[in-house]
Amino acid sequence: MVDVGSCNSCNLEVLALANPFYDTTRLGVFFTNSPRHADVLLVVGVPTAEMREPLLRAFEAIPGPKAVVAAGVCPISGGVFAGNPGVLGPVGDILPVDVFIPGCPPTPVNLIDGLLRAAGRSRSEEDA
Ligand code: SF4
C-alpha cells in the first residue's frame, strides 16, 4: 500500500483487513514489506506532487504481472481535495488503474471485494 496523501481514515479501514474479524490472510491477501514481493499496488489518498515520484518508484519495483487498485474517492477523483493547488489529480492520470473502489472511506468489505477483483477472484464478477 502507498498512501499518497490520505486523511488516514482509508488507512484505518485497510488496517482492519488484518484484524481477526476480516483476516484476509485466509484469502491469500496480505501486505509485503517491499514492493518487490508484491502483486498489487493499493493506493489510498489524493496524489500530491511530493508523492508522485515515490508512487512511480513503488509501481516500477513490483514485478509483473501486477495490478493497481485505487481505494477511496481521493485517488479516484481527488475527492474533497480536488482543485487544491497541492493535488495532482486522479491517480489514473499517473498510473494505469485496474480496479477502483469507491467510498469515503471504503469499508473493509469493499476493499476485500476490490482486491479479489484485482486478482480475478471476485464472486460478484462471476455473477455479473
Ligand atoms: S477517500 Fe475519504 S476517507 Fe479516504 S483519504 Fe480521502 S477523504 Fe479520507
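1. Contacts of Ala71. Leaving aside residues up to four places away in sequence, Ala71 touches Cys10, Leu42, Val43, Val44, Ile101, Pro106, Leu111 and Gly114. Two residues are in contact if their C-beta atoms, placed from the backbone, lie within 7 Å.

2. Basis of the model. The model is predicted: local features require pLDDT of at least 70 and side-chain atom pairs count only at pLDDT 80 or more, whereas totals for chains, interfaces and linings use all residues. Residues are numbered from 1 along each chain as its sequence is written.

3. Nonpolar core. The largest nonpolar core has 28 residues, of which Val43, Val69, Ala70 and Ala71 touch the most other members. At least two residues of this core come from each of H1, strand S2 (40–44), H2, S3, H3, strand S4 (99–101) and helix H4 (108–118). The most, 5 residues, are given by S3. Such a core is a set of buried Ala, Val, Leu, Ile, Met, Phe, Trp, Tyr and Cys residues joined through C-beta atoms within 7 Å. In soluble globular proteins, nonpolar side chains tend to be buried together.

4. Fold and dimensions. The chain contains 5 helices and 4 strands, in the sequence pattern β-α-β-α-β-α-β-α-α. The radius of gyration of the chain is 14 Å, close to the 14 Å that the globule rule gives for 128 residues, so the chain is as compact as a globular protein of that length. Helices (H or I, at least four residues) and strands (E, at least two) are DSSP runs, numbered from the N terminus; the radius is taken over C-alpha atoms, and the rule is 2.2 Å times the number of residues to the power 0.38. Along the principal axes, the C-alpha atoms fill a box of roughly 40 × 30 × 30 Å.

5. Burial and contact range. Of the 128 residues in the chain, 30% are buried (20 or more other C-beta atoms within 10 Å of the residue's own, C-beta atoms being placed from the backbone; exposed means 12 or fewer, partly exposed in between). Among contacts in the chain with a separation of 6 or more, 76% join residues 24 or more positions apart.

6. Gly64. This residue lies in the loop between helix H2 (49–61) and strand S3 (67–71). Gly64 counts as exposed because it has 6 C-beta neighbours inside 10 Å. Gly64 and Gly114 are 50 residues apart in sequence, with a C-alpha to C-alpha distance of 19 Å.
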